[in-house]
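Please keep the picture in view while reading the questions and answers.

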Amino acid sequence: MKTLRTYEDFKAIVFHKKQVVISKEAKHLIEESYNFLKEFANDKIIYGVNTGFGPMAQYRIEPEDQLQLQYNLIRSHASGCGEVFDIKTVRAAILCRLNSLSLGKSGVHIEAIELMRDLLNYRITPLIFQHGGVGASGDLVQLAHLALVLIGEGEVFYKGLRRPTAEVFAEVGIKPLQIHLREGLSLMNGTSVMTGLAGVNLYYAEKLLDWTVKFSCAINELVQTYDDHFSEELNNAKQHTGQQDIAKLMREFLADSKRTRKRAEHLYQGEHNETVFKEKVQEYYSLRCVPQILGPVLDTLQHTQRIFEEELNSANDNPIVDLPNQQVYHGGNFHGDYISLEMDKLKLVVTRMAMLAERQLNYLLNPKVNELLPPFVNAGKLGFNFGMQGVQFTATSTTAECQTLSTSMYVHSIPNNNDNQDIVSMGTNAATLTRKVIENAFQVLAIEAITIAQAIDILGCYDQLSSTTKEWYNEIRTIIPFFKEDMVFYPYLKEATSWLKK
């Protein structure tokens with residue numbers, strides 16, 4: 001492995017348990033970069049090798065103190081707090097750091113790369129806290145917790161247990177990293193936590209979009225809408241590829257449905273002299289405008305993938321080693337603005353999906369709106385049973401939280417580090433909040449899925465549904481059966497949420 005290159009490569013390791021291998025070519029490049037920097041720094045001032053850090057860079061560090069300086073940096077910055085990141089996110093962060101440092105532009109020793117590889121392949125997961133990163137000089141605090149584990153300190157998760165790193169390393173037979181030159185700074189001084197989290201967020205946002213389209217199609221089937229609002233002719237009248245692609249996907253999902261209708265067959269033929277039309281002329285926006293609402297979501301996800309892949313394959317620390325020109329450049333590649341802005345955009349469109357699901361849910365639960373189903377799709381005795389009435393509160397509340405959390409982090413810079421970091425990206429916070437919004441959206445969609453399944457059974461229309469709707473309906477009915485009597489919902493909601501994410 002020279003570099004991961006693509007989002008698909010990333011997913012194969014983080015989500016599908018592919019092992020990490022360092023190619024001979026990559027190893028040679030890493031070693032060449034390290035050897036060059038070690039020699040180059042002998043008679044020059046190189047930040048992080050023979051200087052202090054941040055606003056303390058004006059202080060020279062004598063040769064006998066230079067390696068201890070790296071240990072001091074790691075230990076002093078392992079200062080995170082709050083909740084810890086889940087295992088997939090931490091693995092993603094390690095992979096992103098490994099990939100960036102493997103580009104041969106950082107001057108790290110090969111042992112640091114190999115040890116990160118071993119953490120991934122042995123499935124040893126460092127304890128990394130969510131709070132601490134400001135997204136400039138990289139994810140300093142979170143990556144300090146990774147570096148702390150690499151030097152054999154701190155804590156890890158291994159085989160489901162939280163344990164001291166030294167204990168697990170001894171058990172597995174891993175030797176802690178010995179600092180050679182500037183590995184402390186190189187490990188910490190990058191955007192790899194926010195980038196790894198961005199990749200994980202994108203993976204789940206794609207799942208959300210797929211489910212949102214499927215559930216939107218199912219509701220269109222339930223109420224027997226006309227099919228022209230997702231037609232090729234109508235949607236190609238606008239130039240947005242996302243809208244066109246969503247409409248095409250809807251046509252594919254509904255291709256074998258027996259419940260969608262042709263407008264020409266119902267409203268363009270015969271006499272229509274009524275003052276009030278019996279046939280509904282157009283549906284509510286949450287059903288009729290799905291391509292227009294979800295098209296920008298799809299466009300955003302595709303752009304997020306491009307930004308993610310570019311950051312994944314970038315050298316994002318400081319300084320940067322330039323082997324071809326035998327030079328070292330100082331700058332700010334650790335600044336996380338690209339990921340920060342992209343995560344703000346991603347959480348906006350995820351919130352939009354939650355909002356659409358909440359409105360569609362309301363449509364199904366309100367008989368005055370749908371004119372088809374009993375209140376709250378209540379299959380029991382009206383007034384005595386409650387159907388989906390209680391869980392609608394949860395969906396509404398959770399959607400409201402998504403809306404609040406969608407406030408931008410990108411524009412909320414706070415200077416720190418003695419004003420050395422006078423404008424920061426807050427990229428890690430942006431990605432963390434996006435993950436929360438994604439979790440919320442899954443919960444809203446789980447409620448919507450159960451509601452649609454109830455509506456299908458109440459209408460008795462299963463045999464007329466598309467094969468796409470039948471497939472997921474059959475799956476959710478293995479989680480929660482059709483019900484008339486009231487029951488405790490929270491275990492079903494948890495299981496349905498997990499099902500959507502699998």
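Q: What makes L209 and M353 count as residues that L294 touches?
A: In this predicted model, contact means heavy atoms within 4.5 Å. L294 touches L209, T212, V213, I246, M353 and L356, where residues up to four places away in sequence are not counted.

Q: Which residues have the most contacts inside the largest nonpolar core?
A: They are F10 and L294, and the core that holds them has 146 residues. Helix 9, which spans residues 192-222, gives the largest share of this core, namely 18 residues.

Q: Why are helix 5 and helix 6 called roughly perpendicular?
A: The axes of helix 5 (residues 110-122) and helix 6 (residues 140-150) come within 11 Å and cross at roughly 95°. Angles of 65 to 115 degrees count as roughly perpendicular, and the two helices are therefore roughly perpendicular to each other.

Q: Which residues make this contact, and how many of them are nonpolar, polar or charged?
A: Helix 5 contributes L115, M116 and L119, while helix 6 contributes L146, V149 and L150. Leu, Met and Val count as nonpolar, and the residues of the contact divide into six nonpolar, no polar and no charged.

Q: Why is helix 6 described as largely enclosed by the rest of the structure?
A: A residue is called buried when its relative accessible area is under 20%. Eleven of the eleven residues of helix 6 are buried, so this helix is largely enclosed by the rest of the structure. Among these buried residues are Q142 and H145, as well as L140 and V141.

Q: How many helices and strands does the chain have, and what share of its residues is buried?
A: The chain has 20 helices and seven strands, and buried residues make up 56% of its 502 residues.

Q: What share of the contacts with a separation of 6 or more comes from residues 24 or more positions apart?
A: Such residues account for 78% of those contacts in the chain.

Technical notes:
Residues are numbered from 1 along each chain as its sequence is written. This is a predicted model: local features need pLDDT of at least 70, side-chain atom pairs count only at pLDDT 80 or more; totals for chains, interfaces and linings use all residues. Side-chain values use heavy atoms; hydrogens and water are left out. Axes are lines fitted to C-alpha atoms, for helices over the stretch in contact, and angles run from 0 to 180 degrees between N-to-C directions. Helices (H or I, at least four residues) and strands (E, at least two) are DSSP runs, numbered from the N terminus. Angles under 35 degrees count as roughly parallel, over 145 as roughly antiparallel, 65 to 115 as roughly perpendicular and the rest as oblique. Buried means under 20% relative accessible area, exposed over 50%, partly exposed in between (1.4 Å probe, protein chains only). A nonpolar core is a set of buried Ala, Val, Leu, Ile, Met, Phe, Trp, Tyr and Cys residues joined through side-chain atoms within 4.5 Å.
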